[in-house]
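Here is a friendly walk through one protein model, from its inner spaces to its sheets and helices. Please keep the viewer open as you read.

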Amino acid sequence: MALFRLSALLVAAGLFLAPVAGARDTTVYAAASLKTALDEVLAAYNAQAGTKATAAYAASSALARQIEAGAPADIFISADQEWMDHLAKAGLIRTESRFTFLGNQLVLVMERSQAKRLTIDGSLDLAGLLNGRRLAVGDVNAVPAGRYAKAALIRLGLWNKVSDKLAPAENVRAALALVARGEAAAGIVYATDARVEPGVAIVGVFPADSHPRIEYPVALVTGADTASAQPLLDFLRSDEGRRHFTNQGFTVLKK
């Protein structure tokens, strides 16, 4: 009754209670390799739009499974097409909003103090390079960086020589950290990740034709708050949004 009287007084005074539905923050679920660049993008977007868009980072496989379980994501950015396809088949993304946005390179890294420039091809003695230690990679059965790494090693004829020497990690940033901490002799990661870790150095780049093209598709999640999520999706494709990604070494595939 008291609330009714308060509402009546506000109406009489020409004041109205603002609705709160639709005021929730926009949440982006993004591949771990995007963290440095996307954090910058979200900071710029929030400053301009006066919003509070946030991001959750993990392996694309883990994020896709969380979305399947009902996690409240508005935008999904995967590090490969397969996990986006997985959600599309389940009806969990808005397919009309999907586009392939970014590209990357696959590289071999070592601790900076141990780094030496190498040519990555079928003649590389990768097992010898490891010298009894481990090769850090994303989980080759689920994590996109791990899948790309396995494909490249198979194509180059190196897989059987090192498949029992892997140190699988839950995402590409975790694989990078194993090398930086000296817990693995080398690692296969994206070029953009290697750039942000001062403890490692790129020793070689995998040939582009040794693995599927590294692509980052983006889409609105089914059930997303379009009114808040679409402007952020548009900002990602803007000149300013693209600049943050290219500054981190990503290739922008589509504006």
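Two cavities of 30 Å³ or more are counted by the rule used here. On a 1 Å grid over the protein atoms alone, a cavity is a set of points where a 1.4 Å probe fits but cannot get out, and lining residues have an atom within 4 Å of a point. Grid points are joined across faces, edges and corners, and a volume is the space filled by probe spheres set on the points. Please bear in mind that this is a predicted model, where local features need pLDDT of at least 70, side-chain atom pairs count only at pLDDT 80 or more, and totals for chains, interfaces and linings use all residues. Residues are numbered from 1 along each chain as its sequence is written, and side-chain values use heavy atoms, with hydrogens and water left out.

The largest cavity holds about 50 Å³ of space. Its lining has 13 residues, and those nearest the centre are Ala 31, Ala 32, Ala 59, Ala 79 and Val 172. By class, this lining has ten nonpolar, three polar and no charged residues; Ala, Val, Leu, Ile, Met, Phe, Trp, Tyr, Cys and Pro count as nonpolar, Asp, Glu, Lys and Arg as charged, and the others, Gly among them, as polar.

The second largest cavity holds about 30 Å³. Leu 124, Asp 125, Leu 126, Ala 127, Leu 158, Lys 161 and Val 162 line this cavity, with α5 (126–130) and α7 (159–162) each giving at least two residues. Helices (H or I, at least four residues) and strands (E, at least two) are DSSP runs, numbered from the N terminus. Five residues of this second lining are nonpolar, none is polar and two are charged.

## The largest pocket

Now for an open space: a pocket is an open set of points with protein on both sides within 12 Å along at least five of seven lines. The largest pocket has a volume of about 250 Å³. Of its 14 lining residues, Gly 103, Asn 104, Gln 105, Ile 214 and Thr 251 lie nearest the centre. The pocket lining comprises seven nonpolar, six polar and one charged residues.

## The six-stranded sheet

Six strands form an open sheet with mixed pairing, in the order β2-β1-β3-β10-β4-β11. At the edges stand β2 (54–58) and β11 (251–252), each with a single partner strand, so one side of each has no neighbour in the sheet. Two strands pair if DSSP finds at least two bridges between them. Strands β1 (residues 27–31) and β3 (residues 75–77) run parallel and are joined by three bridges; Val 28 has Ile 75 as its bridge partner in β3.

Helix α4 (residues 81–89) lies across β3, β4 (99–103) and β10 (215–220), at about 25° to β10. Axes are lines fitted to C-alpha atoms, for helices over the stretch in contact, and angles run from 0 to 180 degrees between N-to-C directions.

## Two helices side by side

How do the axes of α3 and α4 cross, and within what distance do they come? The axes of helix α3 (residues 60–68) and α4 cross at roughly 10° and come within 9 Å. That makes α3 roughly parallel to α4, a label given to angles under 35 degrees. Ser 60, Ser 61, Ala 64, Arg 65, Ile 67 and Glu 68 of α3 make the contact with Trp 83, His 86 and Leu 87 of α4, where contact means heavy atoms within 4.5 Å. These contact residues divide into four nonpolar, three polar and two charged.

## The five-stranded sheet

Another open sheet has five strands in the order β7-β6-β8-β5-β9, again with mixed pairing. Its edges are β7 (166–169) and β9 (200–205), each with a single partner strand, so one side of each is left without a neighbour in the sheet.

Methods: Angles under 35 degrees count as roughly parallel, over 145 as roughly antiparallel, 65 to 115 as roughly perpendicular and the rest as oblique.
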